[in-house]
Amino acid sequence: LRDGRDVARSLAEVSIFDRVGVEMDVRTGAQLWKSVVLSVRAAAPTLDRFRELRYETLVADPLAQAVELLKWVGLSCDHSVRAEIASRATREVSAHGSSGAAGPGKWHSLPAADLAAIYDEAGDLLVAEGYWTLTEIGPARGLLRRLLDRVIR
């Protein structure tokens, strides 16, 4: 699971959607994130095994998280496996996708209007998943009110 604000921002930057004739903006990206998360939530109880890992946790400690996942699937994780994971954890995995280094929190660079669109589409799920906190909601309400005032005038 990844913060929907980062997902929406990344999806809006991925050029592959242009190639297939899909207009992707942060609002559509937020809708897609919410739809996928809710679909996974609905399907998870029907699966024999399911494990969720937060992207932010994986980025913060890739070695420990990878070792834990290997153990969970029943694979051994000796020193050589750990060394290989550690060496790969710092490599860039793709030259495609959004700009800049991968990592959480890039949504902070989004304009207020983009954040408002994301919160409009997926704010309830962002709160439920702990990505949008009560301390952030207060200022955002003021932002949303100011945006609405501009639209109405």
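What percentage of the 153 residues in the protein do buried residues make up?

1. Buried residues make up 29% of the 153. Buried here means under 20% relative accessible area, with exposed over 50% and partly exposed in between (1.4 Å probe, protein chains only).

2. This is a predicted model: local features need pLDDT of at least 70, side-chain atom pairs count only at pLDDT 80 or more, and totals for chains, interfaces and linings use all residues. Residues are numbered from 1 along each chain as its sequence is written, and side-chain values use heavy atoms, with hydrogens and water left out.

3. The protein has 8 helices and 0 strands. Helices (H or I, at least four residues) and strands (E, at least two) are DSSP runs, numbered from the N terminus.

4. Helix 1 covers residues 4-13. It is largely enclosed by the rest of the structure, because 8 of its 10 residues are buried. They are G4, R5, D6, V7, A8, R9, S10 and L11.

5. The largest nonpolar core has 21 residues. Such a core is a set of buried Ala, Val, Leu, Ile, Met, Phe, Trp, Tyr and Cys residues joined through side-chain atoms within 4.5 Å. V26, W33, L110, I118, Y119 and L126 have the most contacts inside it. Helix 1, helix 3 (26-43) and helix 7 (112-128) each supply at least two of its residues. Helix 7 gives the most, with 7.

6. Take L110. Leaving aside neighbours within four places in sequence, L110 is in contact (heavy atoms within 4.5 Å) with R5, R9, V26, L115 and I118.

7. Among contacts with a separation of 6 or more, 63% join residues 24 or more positions apart.
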